[in-house]
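Visitor: I am new to this structure. Could you show it to me and walk me through a few of its side-chain contacts and pockets?

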Amino acid sequence: MVFVTAEIGTNWMGDFDLLEYLVKSCKKIGINAIKLQALSPELLARHDELYWYSRASVNAENIEHIDKICKKHHMEWYCTPTYPEAVDFLEPYVNIYKIRTLDIDNKNLCDMIFNTGKKVIISSPKPLKYDDKRIINLYCIPRYPTQFQEHNFNLMRKFDGFSNHCLNPFAMLKAVMLGAKYIEFHLTPTKDMFILDNHVSYTPEEATELMRWVKLWELSHKEYIEELRQ
């Protein structure tokens, strides 16, 4: 089965009620995990005009509340740390780490993450060579948004999964059709407000339809998918 992650990122705006709504929505429609972000001071400073931005970044003060909400609804969560020190407060709470494309060459951060011994998901536009089964490599074009025709789906067989920034949901379905074991997409509570990732995000209603397509494909092509993954 495909492991599906909804990247909430900072789209919960530091509002715990909104986070709980999104977690409940994800659980209801069969999403396997949500992903948040622990942003560095440098990244936070880029959007100091957004009063909620720092509150929506995972930190030592809000992590326990975040974890409590996810455990309440039996939803796994993991995080993208963007600075090495974040790994220290994340470590007791997460079983998976995410490394974004822009941080692949950040040796200090990557070493901190790899040294935890936990599963690591890495997004990249080209397949990475790691002799480590804990590492999951997702095909990702780090452009917001990415046009469907910009993807080279011939590369999918060299990746474990797909990280989506495309507004055409068929990009994700095609990745599944080509054997992706992991899918990641951005989730937003609504398209009616300004949130940084809104222009590449799907609403819970859109995510419901996407999950229906994925599950139908899996059920009707189970043997084909297993053959692709061998």
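Predicted model: local features only at pLDDT ≥ 70, side-chain atom pairs only at ≥ 80, totals over all residues.

Visitor: Is Glu-206 buried, exposed or partly exposed?

Guide: Buried means under 20% relative accessible area, exposed over 50%, and partly exposed in between (1.4 Å probe, protein chains only). Glu-206 has 34% relative accessibility, so Glu-206 counts as partly exposed.

Visitor: Which residue does Glu-206 meet in a salt bridge?

Guide: A salt bridge is a side-chain nitrogen of Lys or Arg within 4 Å of a carboxyl oxygen of Asp or Glu. For Glu-206 the N to O distance is 3.7 Å, and the partner is Lys-191.

Visitor: How many residues apart in sequence are the parts that Lys-191 and Glu-206 tie together?

Guide: Helices (H or I, at least four residues) and strands (E, at least two) are DSSP runs, numbered from the N terminus. Lys-191 lies in the loop between strand 8 (182–187) and strand 9 (201–202), while Glu-206 is in helix 7 (residues 204–220), so the parts tied together are 15 residues apart.

Visitor: What separates Arg-212 and Glu-209 in helix 7?

Guide: The side chains of Arg-212 and Glu-209 also meet in a salt bridge, at 2.6 Å, N to O. Because they are three residues apart in helix 7, the separation is about one helical turn.

Visitor: How many salt bridges does the structure hold?

Guide: Another one joins Glu-150 and Arg-143 at 2.2 Å, N to O. The structure's total is 11.

Visitor: What is the volume of the largest pocket?

Guide: On a 1 Å grid over the protein atoms alone, a pocket is an open set of points where a 1.4 Å probe fits, with protein on both sides within 12 Å along at least five of seven lines; lining residues have an atom within 4 Å of a point. Grid points are joined across faces, edges and corners, and a volume is the space filled by probe spheres set on the points. For the largest pocket, that gives about 580 Å³.

Visitor: Which elements give two or more residues to the lining of the largest pocket?

Guide: The lining has 26 residues, and Gln-37, Arg-100, Leu-102, Tyr-144 and Asp-197 lie nearest the pocket's centre. The elements giving two or more are strand 2 (33–38) and strand 8.

How values were computed
Residues numbered from 1 in each chain as written. Heavy atoms only, no water.
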